[in-house]
Amino acid sequence: MLDHFASGASPVHRLDPAAKTVAALAAVLATVLVGREHFVPLVPVAVALAVYHAIGRVPLKYSAKRLLIVSPFAAAAAILFPVLEPGWAVWTATVGGWRIVVTEQGILRAADIVSKFFLCVWAALLLLSTTRFQDMVAGLGRLRVPRIFVTQMAFMYRYLWVLSDEMMRLRIARAARDCGYGSWRLRMHSQAAVVGVLFLRTLDRSERIYRAMTARGFDGRMGATHAEALRPADWLFAVAAVAAAAGVVVWDRIVYG
């Protein structure tokens, strides 16, 4: 569960979800807009996230584990740059008649992608770790995010656990019938059948849920759970985050051109 620690009582937990969403988005945009291979402007972003992490009292082990889960995506995006990016060669090798050249520019490019990836994921993780998901969805609605997107997010989060339980039941039923025995091909065929059954059950469940909610008068609007006006502290936090993010981008443009 991503919002496992969202019920805390730290100062950042008490901030308005809309303000925290704006701050997280500002951190992500500042990270993305910093120029290619410009690592120094990313330091203030990392420091700000570390301070937020400490104030929110999110366990370091929890955050590290979640970051490691998504690390293969960063590795997959950056693994080929050291050998595909042209530049100064720092290491060469010949494998099976192929000459592999690792360049300095390629290493820097890979490091740039990985660092920005982790900062963006860290910002999103901290937002979810200090904000209940339903409150964040309500905050997105107050920020005038398109209603269809907000509604889809709310339903996705609600029924993700229902589908997870359904998948677990199907896997237990399959294991009870074959006890894990059989050839690799047979087990893969069985697993594919489980996915197909899950898809059909998901489609059937969605139709039943749609009819039930329509019968109860659902018009596409999600009930607001956090409708209070933003306090001065919320405004200050959001404005300070946006200003700091803009300062990072301007600093990068002035220093590096």
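Trainee: Why is Phe117 called partly exposed?

Mentor: Its relative accessible area is 25%, and buried means under 20%, exposed over 50%, partly exposed in between (1.4 Å probe, protein chains only), so Phe117 is partly exposed. Keep in mind that this is a predicted model, where local features need pLDDT of at least 70, side-chain atom pairs count only at pLDDT 80 or more, and totals for chains, interfaces and linings use all residues. Residues are numbered from 1 along each chain as its sequence is written, and side-chain values use heavy atoms, with hydrogens and water left out.

Trainee: What makes the rings of Phe155 and Tyr159 a stacked pair?

Mentor: Rings of Phe, Tyr and Trp (its six-membered ring) pair if their centres lie within 6.5 Å; planes under 30 degrees apart are stacked, over 60 edge-to-face, the rest tilted. Here the centres are 6.2 Å apart and the planes sit at 25 degrees, so stacked it is. Phe155 comes out at 23% relative accessibility, so call that one partly exposed too.

Trainee: How do you know that H1 and H5 are roughly antiparallel?

Mentor: The axes of helix H1 (residues 17–33) and helix H5 (residues 104–129) cross at roughly 180 degrees. Angles under 35 degrees count as roughly parallel, over 145 as roughly antiparallel, 65 to 115 as roughly perpendicular and the rest as oblique, so H1 and H5 are roughly antiparallel. Those axes also come within 9 Å.

Trainee: Which residues of H1 meet H5?

Mentor: Among them are Ala24, Ala27 and Val28 (contact means heavy atoms within 4.5 Å).

Definitions and conventions
Axes fitted to C-alpha atoms, helices over the stretch in contact; angles between N-to-C directions. Helix = DSSP H or I, 4+ residues; strand = E, 2+ residues; numbered from the N terminus.
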